[in-house]
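Here are my notes for you, written as numbered points. Keep the structure open beside you and look up each residue as we go.

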Amino acid sequence: MPDDARARRQNGTGLGILLALVCAAVLLTALPDHDREGGGACTARTVRSWTANAKFTGEFARYGDDAGRTDDWTGGDGTHSVRLPDGRVLWLFSDTYLGLVHGPPNPVGESYAWRDTSAPLVRNSAVVMSRDGRLRTTLPAPVFPDPGPQQWRWPVAARVEPRSPDSSENVVRVLLWTRTTGQAPWIYGVPTSTEVATLSLPDLRLEGITTVLDQRSVPDASQRVLFGTSTLDAGDWTYVFGGDDGQAASRPASKAYVARVPRGRLAEPGAWEYWDGSGWTVRARPAPVLGDGQRTGVGSAFTVVRDGGTYVLFTMATGTAGLTTITSYWACSPTGPWHGPTRSFSPSLPRGDVAAYNPQAHPELSDGDRIVLSYDVNWLDATGAAAQANLSRNVSLYRPRFVTLRLREPGS
């Protein structure tokens with residue numbers, strides 16, 4: 001074949017491939033809802049605006065400062081929430097201070113409310129908010145007992161679902177992270193397993209705990225994946241997001257993973273499927289859907305919401321910005337590809353050597369195009385005793401703060 005004819009043929013082949021790709025993209029955009037992961041029209045999303053939400057921030061400050069009881073919540077982190085069928089909201093926390101709060105000045109003369117350094121610290125707690133948005137009571141803590149010596153449970157996402165697939169009775173399923181005491185860099189514990197607890201309704205009594213994914217056989221603890229930092233329903237599935245502990249292994253960012261469960265079956269380990277990079281499998285060998293461990297990735301906890309057919313993930317930024325800055329990614333499917341990071345923002349922080357972490361969306365508090373997002377605050381100190389002293393001399397530090405977000409399409 002003459003060289004010019006060969007060139008024309010090659011160029012024509014390249015053009016054909018290009019046209020085929022364009023057509024495929026058009027067809028993908030036009031696919032009906034049931035052919036997409038979760039369905040719905042998908043377009044890029046980024047943060048349009050954000051404002052401090054004084055209502056919910058102030059409510060937790062009011063409740064925490066109330067000295068009427070000695071066994072109730074005065075501060076905590078790991079903030080998650082779920083709306084109950086009767087309109088109440090159940091708030092779940094990880095490490096929690098109980099005890100009394102004293103008015104200012106504190107023992108060193110500062111104008112902060114404070115607690116004794118001997119105040120009880122429990123690994124998890126739950127607070128109930130009434131339908132009118134007022135925090136009313138703390139459940140007996142800890143709600144979820146330690147599974148064994150030097151181990152503890154941190155609650156993460158929760159959902160209301162039928163007791164069994166065909167049951168008319170509802171229960172609360174709470175995802176739990178089990179961790180085991182470890183040495184540096186595992187100062188916050190070694191990731192051990194993902195569990196699901198069942199709470200009865202309406203009395204919120206613990207009925208049982210089931211192990212979903214045991215990670216003790218994974219030799220490299222930085223590769224262990226715990227699921228439950230965020231959940232959402234789409235179609236017939238509940239998607240459960242998780243992460244590894246890459247930051248504990250000195251990587252700038254952790255990686256995000258996703259599993260799915262038929263709706264209403266969170267407490268059935270055999271019903272879980274994990275994304276392995278090319279498809280869903282019942283084998284617990286998940287592959288990351290987001291994160292290169294350097295420029296892109298997630299914090300130790302993150303949250304995912306759905307806006308139409310678009311999934312939006314909020315997390316702390318990578319690197320040192322992750323101490324103060326929340327950023328986001330978007331995708332057309334829980335499995336990605338995830339695009340970003342997109343526009344970031346830095347919510348207000350109290351004075352002192354503190355950091356923000358664990359951004360969490362609260363759909364039951366959101367309204368229309370407004371997303372209510374919480375973030376936790378802690379003292380930056382590798383020594384537990386020093387951090388506890390600073391959190392006790394100013395009790396306002398170790399409590400959730402809230403912002404209200406609005407999303408937009410880029411350029412709009």
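How many nonpolar, polar and charged residues are in the lining of the largest cavity? Keep in mind, as you look, that this is a predicted model.

1. The cavity. By class, the lining of the largest cavity has three nonpolar, two polar and four charged residues. You can find them by name: Trp 177, Arg 179, Pro 191, Arg 224, Leu 226, Gly 243, Asp 244, Asp 245 and Ser 300 line this space. The volume of the largest cavity is about 40 Å³, and the structure holds one cavity of 30 Å³ or more.

2. The second largest pocket. Now turn to an open space: the second largest pocket has about 720 Å³. It is lined by 34 residues, and the closest to its centre are Arg 159, Thr 231, Leu 232, Pro 363 and Glu 364. Sorted by class, the pocket lining has eleven nonpolar, 13 polar and ten charged residues. Several strands each supply at least two residues of this lining, including strand 9 (151–162), strand 13 (226–234) and strand 22 (370–379).

3. Side chains of opposite charge can pair when their charged atoms come close. Please find Arg 159 again, one of the residues closest to the centre of the second largest pocket. Arg 159 forms a salt bridge with Asp 233, and their closest N and O atoms are 2.8 Å apart. Arg 159 sits in strand 9 and Asp 233 in strand 13, so this pair links parts of the chain that are distant, 74 residues apart. Are these two partners buried or exposed, or something in between? Arg 159 is buried, at a relative accessible area of 18%, whereas Asp 233 counts as partly exposed, at 24%.

4. Arg 263 counts as partly exposed, with 46% relative accessibility.

5. A salt-bridge network. Salt bridges that share partners join Arg 163, Glu 169, Asp 203, Arg 205 and Glu 207 into one network. Within that group, Asp 203 forms a salt bridge with Arg 205, where the closest N and O atoms are 3.9 Å apart. Asp 203 counts as partly exposed at 48% relative accessibility, and Arg 205 counts as partly exposed at 47%. Over the whole structure there are 24 salt bridges.

6. Strand 15. Why is strand 15 described as largely enclosed by the rest of the structure? Because seven of its seven residues are buried. Ala 256, Val 258, Arg 260 and Pro 262 point one way from the strand, Tyr 257, Ala 259 and Val 261 point the other way, and all are buried. Strand 15 pairs with strand 14 (residues 237–243) in the antiparallel sense over seven bridges; in one of these contacts, the bridge partner of Val 240 is Ala 259. Strand 15 and strand 16 also run antiparallel, joined by two bridges, and the bridge partner of Arg 260 in strand 16 is Glu 273.

7. Aromatic pairs. A search of the whole structure finds 16 aromatic pairs. One of them is the tilted pair of Phe 56 and Phe 402, 5.7 Å centre to centre with 50 degrees between the planes. This pair links distant parts of the chain, 346 residues apart: Phe 56 is in helix 2 (residues 54–65) and Phe 402 in strand 23 (residues 401–408). Phe 56 is buried at 8% relative accessibility, and Phe 402 is buried at 2%. An edge-to-face pair is formed by Phe 227 and Trp 272, 6.4 Å centre to centre with 70 degrees between the planes. Phe 227 lies in strand 13 and Trp 272 in the loop between strand 15 and strand 16, so the pair ties together parts 45 residues apart in sequence.

8. A ring cluster. Finally, ring pairs link Phe 56, Phe 60, Trp 73, Trp 91, Phe 93 and Phe 402 into a cluster.

Methods
Residues are numbered from 1 along each chain as its sequence is written. This is a predicted model: local features need pLDDT of at least 70, side-chain atom pairs count only at pLDDT 80 or more; totals for chains, interfaces and linings use all residues. Side-chain values use heavy atoms; hydrogens and water are left out. On a 1 Å grid over the protein atoms alone, a cavity is a set of points where a 1.4 Å probe fits but cannot get out, and a pocket is an open set with protein on both sides within 12 Å along at least five of seven lines; lining residues have an atom within 4 Å of a point. Grid points are joined across faces, edges and corners, and a volume is the space filled by probe spheres set on the points. Ala, Val, Leu, Ile, Met, Phe, Trp, Tyr, Cys and Pro count as nonpolar, Asp, Glu, Lys and Arg as charged, and the others, Gly among them, as polar. Helices (H or I, at least four residues) and strands (E, at least two) are DSSP runs, numbered from the N terminus. A salt bridge is a side-chain nitrogen of Lys or Arg within 4 Å of a carboxyl oxygen of Asp or Glu. Buried means under 20% relative accessible area, exposed over 50%, partly exposed in between (1.4 Å probe, protein chains only). Two strands pair if DSSP finds at least two bridges between them. Rings of Phe, Tyr and Trp (its six-membered ring) pair if their centres lie within 6.5 Å; planes under 30 degrees apart count as stacked, over 60 as edge-to-face and the rest as tilted.
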